[in-house]
Amino acid sequence: MKHTTLSLIAAIVLACGTSCGASAQIKKNAMVYICTGNYSKVYHLSRSCKSLTSCKGKIKEISTGEAVKNGRHLCKVCKEKASKRR
Ligand SMILES: [Zn+2]
C-alpha cells in the first residue's frame, strides 16, 4: 500500500517537470471558483476550499482573469495551499 502511494507521488512529481517551478504563479486562463451572492471579494483555486463550503450563494466557475477583472483576489486559504504545494 505504502509503496503504491510513494510511486504515485513520484509519478506526479516526474510528470510535473519544469512547469511546476511556476506553480505558485496563477495562470490567467485557469478556472477558479467564486461564491456569488454574499459580496465575496475572493476567488478560490479549489472547489473544496473550506471558505467555499460556507458560501450561501452559488458557486460559479470563471477564469482567473475574469475574477481579477471583477476586483476579486485569491482567497487566503487557497493561497496558503498553493504555496505549500511544491
Ligand atoms: Zn479558498
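Me: Which residues make up the largest nonpolar core?

Reply: The general idea comes with a definition: a nonpolar core is a set of buried Ala, Val, Leu, Ile, Met, Phe, Trp, Tyr and Cys residues joined through C-beta atoms within 7 Å. In this structure the largest one has twelve residues: V32, Y33, I34, C35, V42, Y43, L45, C49, L52, A67, C75 and C78. Strand 1 (31-35) and strand 2 (42-43) each supply at least two of the core residues, and the largest share, four residues, comes from strand 1. As a general background, nonpolar side chains in soluble globular proteins tend to be buried together.

Before going on: this is a predicted model, where local features need pLDDT of at least 70 and side-chain atom pairs count only at pLDDT 80 or more, while totals for chains, interfaces and linings use all residues. Residues are numbered from 1 along each chain as its sequence is written.

Me: You keep saying strand. How many helices and strands does the protein chain have?

Reply: Helices (H or I, at least four residues) and strands (E, at least two) are DSSP runs, numbered from the N terminus. Here there are four helices and four strands, and along the sequence they follow the pattern α-β-β-α-β-α-β-α.

Me: And which strand pairs with strand 1?

Reply: Two strands pair if DSSP finds at least two bridges between them. Strand 1 pairs with strand 3 (residues 59-63) in the antiparallel sense, over five bridges. For a spot to look at, find I34, which stands opposite K60 in strand 3.

Me: What about burial? Why does C35 count as buried?

Reply: You count C-beta atoms, placed from the backbone: a residue is buried if 20 or more other C-beta atoms lie within 10 Å of its own, exposed if 12 or fewer, and partly exposed in between. C35, in strand 1, counts as buried because it has 22 C-beta neighbours inside 10 Å. Strand 1 is mostly covered, with four of its five residues buried. Over the protein chain, buried residues make up 15% of the 86 residues.

Me: Is M31 buried, exposed or partly exposed?

Reply: M31 is in strand 1 too, but it is partly exposed because 14 other C-beta atoms lie within 10 Å.

Me: Now contacts. Which residues does C35 touch, leaving aside its neighbours within four places in sequence?

Reply: Two residues are in contact if their C-beta atoms, placed from the backbone, lie within 7 Å. With those neighbours set aside, C35 is in contact with S40, L52, C55, G57 and I59.

Me: How do I read sequence distance against distance in space?

Reply: Take two C-alpha atoms and compare both separations. C35 and K58 are 23 residues apart along the chain, with 5.7 Å between their C-alpha atoms. K79, in helix 4 (residues 76-84), is 34 residues from L45 in sequence and 8.2 Å from it in space, C-alpha to C-alpha. Among the chain's contacts between residues at least 6 apart in sequence, 67% join residues at least 24 apart.
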